[in-house]
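Please keep the sequence and the model in view while reading.

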Protein chains: 2
Amino acid sequence: MKAIHLPLVTHLHHHNLDLTKNRVPKVYAYQDVVKTSKKSNRLGEKLSNLLNIQKNDPPPSTHSTLNNIHEDKANTPTMSPKEDISDRWRDIHGVHEWEGLLDPLHPLLRREIVKYGEFAQATYDALDIDSFSEYCGSCMYNSHKLFDKSGLNKSGYKVTKYIYAMSQIDMPQWLERSKLTYTWSKDSNWIGFVAVSDDEESRRIGRRDIVVAWRGTVTPSEWYENMQRKLESIGHMDSKVEHGFLSIYTSKCDSTRYNKSSASEQVMKELKTLVDFYKTKSAEQVSLTITGHSLGGALALLNAYESAANFPKLPISVISFAAPRVGNIAFRDELYQMGVKILRVTVKQDLVPRMPGIVLNESLQKFDDLTGTLEWIYTHVGAELKLDVRSSPYLKRGFNFIGIHMLETYLHLVDGFVSSSSTFRSNAKRDVALVNKACDMLVDELRIPTCWYQLAHKGLECNSYGRWVRPKRDPEDIPSPTSREENTYGF
Amino acid sequence: MKAIHLPLVTHLHHHNLDLTKNRVPKVYAYQDVVKTSKKSNRLGEKLSNLLNIQKNDPPPSTHSTLNNIHEDKANTPTMSPKEDISDRWRDIHGVHEWEGLLDPLHPLLRREIVKYGEFAQATYDALDIDSFSEYCGSCMYNSHKLFDKSGLNKSGYKVTKYIYAMSQIDMPQWLERSKLTYTWSKDSNWIGFVAVSDDEESRRIGRRDIVVAWRGTVTPSEWYENMQRKLESIGHMDSKVEHGFLSIYTSKCDSTRYNKSSASEQVMKELKTLVDFYKTKSAEQVSLTITGHSLGGALALLNAYESAANFPKLPISVISFAAPRVGNIAFRDELYQMGVKILRVTVKQDLVPRMPGIVLNESLQKFDDLTGTLEWIYTHVGAELKLDVRSSPYLKRGFNFIGIHMLETYLHLVDGFVSSSSTFRSNAKRDVALVNKACDMLVDELRIPTCWYQLAHKGLECNSYGRWVRPKRDPEDIPSPTSREENTYGF
């Protein structure tokens, strides 16, 4: 396995020097270093044992001018004006495996990658993760509100369907679960959505684009340990995929409210409806783009495989972020034969794309090495856009495996990527603050709080009696197994 | 030292069983126990070594009906109607050392204790702790807004002055510090305020009540280790007090903006102004009540000592929460002789009131034992209202030294306290949810998130360009060394 560069404790000391320069009180700096370096040290050692990592790393920059850069950008739009790509959409959609478009990265492709990544990000931002909420594991908003609430109101797409997957399948529960006895569903989790481009966006991109976005999750190592050794046949050929991913995609149970049909059946039904309507009835040019981050990237691949089998002539692309390996070589070959185009966005320092093989466990913060047993079985598919955390002057040095794996970190690096040989794009417009939504990756000079994406008072509100209570959900936001934007579309 | 009961890992297992009963997924319950029990185990062992604690504890209740109780209360006021105490205020203010009023706790006294405790709580709730804010360590609000913003708008008091203390005194910095180079003040912290009862409240309580509320802090062990061994003379008699507390109270520096005068000088100047105005000019009956939590309780005692020397005939009381020992026996005796009345509210399981002697360090989560060297020097003063975490059915079993020390936990226990022999007051009205503001003390059945007292997006706001930025402070909320509610009062 190729050696990767991971900054270890030495750079935390550098970092600490920076801090001291900024006159942070010793007691803080000291504690920071104690905490961070101890952890990184442990992780670092474990890692270097696992991957014989080279411990040398360029000294971090002092970010002296970052503050100004950031200040200057504070009052500028976060997006470049949309350009018409109607005559080049097939290239950007990967008809030629994105050859010549990735390094250097074509500006039009960069923008589309970020667009799809932000769809995937919405599945995290809108998820109810309050384990004391009876709606834990559902989307907080009605599907027609999702994009507004996620800052994607200008995306030019409309959500047509929410997808649910079982959370009590034959593996340790890894999805969001409520601690309550009576909840919207004990068995299911909101796992993604289907959306379709509106007329204006369709004109700009040259076809009616159907998107499926799959939500990922932090996966406890137990889950990998129990599941990732088991390959399971898919289709009628030799294709095999990881059992855990497949069971999330295909599990159903009649006694549940949301999974009488599996995630697979839900999404395929919706795709059939949309393809029939736009392709068959309206004779439009239609494409399918499937995206997802981490585990969501794995589900995207399974979804693409099934879609290709069901819609032979439909142009199908997968744009995945930080996705683990999913299947064997036969699975990869079959995807190729069916013409599925796959673009894997990875970060050099991220471990998840090396899975199965290495397993990280957020709660216990340890690594397990399964490489020996699994490496040969699993294989990656498709073209790769390989990013490097160290290319961004906005990101902290020091090993932070959660932060490095975060989708927002990926989107930031895509936004700044010019080519593997050039530095971070100085005119990158995407809001840097987003990176710290749920982690601690931005350098202090930017003054962005860590893990700042949070509700006021975690959703509690002070009622007229002065008591802090959890407000009832807006009825239209209470999940329903059957809801669909019937009215918006004439299906 | 009297042995205290601390629930150790065994009860965490009980707790876990409870959780499982509520069908929390194994993966959670498992991780909970691993995390919590490991920590508690370590702490528990350390503690039992330090204090030879008995490890037996009554099995925790199942809290079966709590949910309903809480639901029922959700739509009721959090305060009983205010009663006229004008004819009994001296008793309630401690003229007879609260004899016969503490066990059982007199309802009128209970209410006054909570009132003063909530003033102290406001010094925490309104503090800017964003280390990336240029106002870190200041109060977020102008003094005339403080009570509105802290839910004390019906308190019947008005803030007249903010107090600042040096944060760069000759000890490891223990106050809130900004990481920025240019800030409102590199040297000072908002440490408390002076307030005075309005006419209506003064009629109800039988006198014009001046309140000084002192803010506490989590104190790094370094600070204790360096400071708590040093006693320093105060006044001209044999009285000695802990050097660290005294230097916070008395430090000043001409080159600073906020501490050209010390906290002591600021508060005494304000007290003189108020006493002159209400007592001398208006010939009103005036009292002084000084309150504070943790370190704030120590400062309250120093402030009371100085006030008694300056205002011989003024009725002065201290109501402190979780305060450590401050001085020697001569200091205590002098306070008595000067007629200062002191009510110490303590929680049996809280370690801070045992300090100096035991030192806890939040960041490193360890205990240091200085008891041998210090026990004999320091002594507590005044009457004690002793609470027990286990008296409340709303609070988790299991040792949580931060949660047990929190002022909100204290106020909850005061609100429910009837007598040392009776159970938690079933008609206690104070909002239970407040306990979890900054800790994890409430049982799951109440469904209150942990550490929920937080700003939306940690204060970031999305501007018109779609960028997340830290909004500028309302000019009137920017701290000023000289500000005083001149207009409200005719001083």
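**A pocket and the cysteines**

The second largest pocket holds about 910 Å³ of space. A pocket here is an open set of points, on a 1 Å grid over the protein atoms alone, where a 1.4 Å probe fits, with protein on both sides within 12 Å along at least five of seven lines; lining residues have an atom within 4 Å of a point. Of its 36 lining residues, G466(A), T78(B), G151(B), L152(B) and N153(B) are closest to the centre. In chain B, α5 (107-125), α6 (146-149) and α7 (199-205) are the elements that each supply two or more lining residues; a helix is a DSSP run of H or I of at least four residues, numbered from the N terminus. The largest share comes from α5(B), with 7 residues.

This is a predicted model, in which local features need pLDDT of at least 70 and side-chain atom pairs pLDDT 80 or more, while totals for chains, interfaces and linings use all residues. Residues are numbered from 1 along each chain as its sequence is written, chains are lettered from A and ligands numbered from 1 in the order in which they are written, and side-chain values use heavy atoms, without hydrogens and water.

How many disulfides does the structure hold over all chains? There are 0, a disulfide being a pair of cysteine sulfur atoms within 2.5 Å. C439(A) has its closest cysteine sulfur in C451(A), 6.5 Å away, which is too far for a bond. C136(B) is in no disulfide either, as the nearest cysteine sulfur, in C139(B), lies 13 Å away.

Technical notes:
Points joined across faces, edges and corners; volume = space filled by probe spheres on them.
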